[in-house]
Amino acid sequence: MVEPDYRSGGFKEDPKVTSQVHEVVENLQEIWANRNSKDKFELASGNKYYQRTKPIFYDTQFIEEKQIEKVRVCNQCPGYIAIDSQAYHQDGKRYRILAVTIPFQACRFCQEDGWDTYERFKKDYRFNYVYLQDKSTDTYMTHQREERRELRSDG
Ligand SMILES: [Zn+2]
């Protein structure tokens, strides 16, 4: 996959937040790699989504982090994934990121739904960053609430 270019645009970005975004994106790839290991419909038990909470973990970069993964199940396509990541950084500040990923093979409905999720969370003041990777169109979006900035990268 193409490395999302969220550092483009010639601006300076907080490296702590960048590493959190990086980590979330790596985790998204891991979920995609393992997505066929369990029956997604069984996991969703009749709902449109299934959700998993990754236990809080500690590492050198973040004091602690909690992640919630929400997977849209669809019988037309692989669906899409949204990850809600909250991390306390060493400066004591909490950063909350939402990352949505839409796969290459996404159907039109899941693609629209994924973009709707991105747009909806852009308006949610609790999230510092909202990130979208739409692999079906090779489009990457980053919304930075505090900087009041939205970045778009195509291809
Ligand atoms: Zn779909």
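Predicted model: local features only at pLDDT ≥ 70, side-chain atom pairs only at ≥ 80, totals over all residues.
Which loop holds Arg 148? Residues are numbered from 1 along each chain as its sequence is written, and side-chain values use heavy atoms, with hydrogens and water left out.

**View A. Arg 148 sits in the loop between strand 6 and strand 7 (149-154).** Strands here are DSSP runs (E, at least two residues), numbered from the N terminus. Although Arg 148 is not a glycine, its phi is positive, at about 50 degrees. Arg 148 counts as exposed because its relative accessibility is 75% (exposed means over 50% relative accessible area, buried under 20%, partly exposed in between; 1.4 Å probe, protein chains only).

**View B. Asp 138 belongs to the loop joining strand 5 (129-134) and strand 6 (139-144).** Asp 138, also not a glycine, has a positive phi of about 60 degrees. With 28% relative accessibility, Asp 138 counts as partly exposed.

**View C. Thr 139 is a residue of strand 6.** Its relative accessibility is 3%, so Thr 139 counts as buried. The Thr 139 side chain makes polar contacts with the side chains of Thr 137 (2.9 Å) and Asp 154 (3.3 Å). A polar contact is a pair of N or O atoms within 3.5 Å; within protein, one must be able to donate a hydrogen and the other to accept it, and residues adjacent in sequence count only if both atoms are side-chain atoms. Leaving aside neighbours within four places in sequence, the residues in contact with Thr 139 include Trp 115, Leu 132 and Arg 152 (contact means heavy atoms within 4.5 Å).

Conventions. Helix = DSSP H or I, 4+ residues; strand = E, 2+ residues; numbered from the N terminus.
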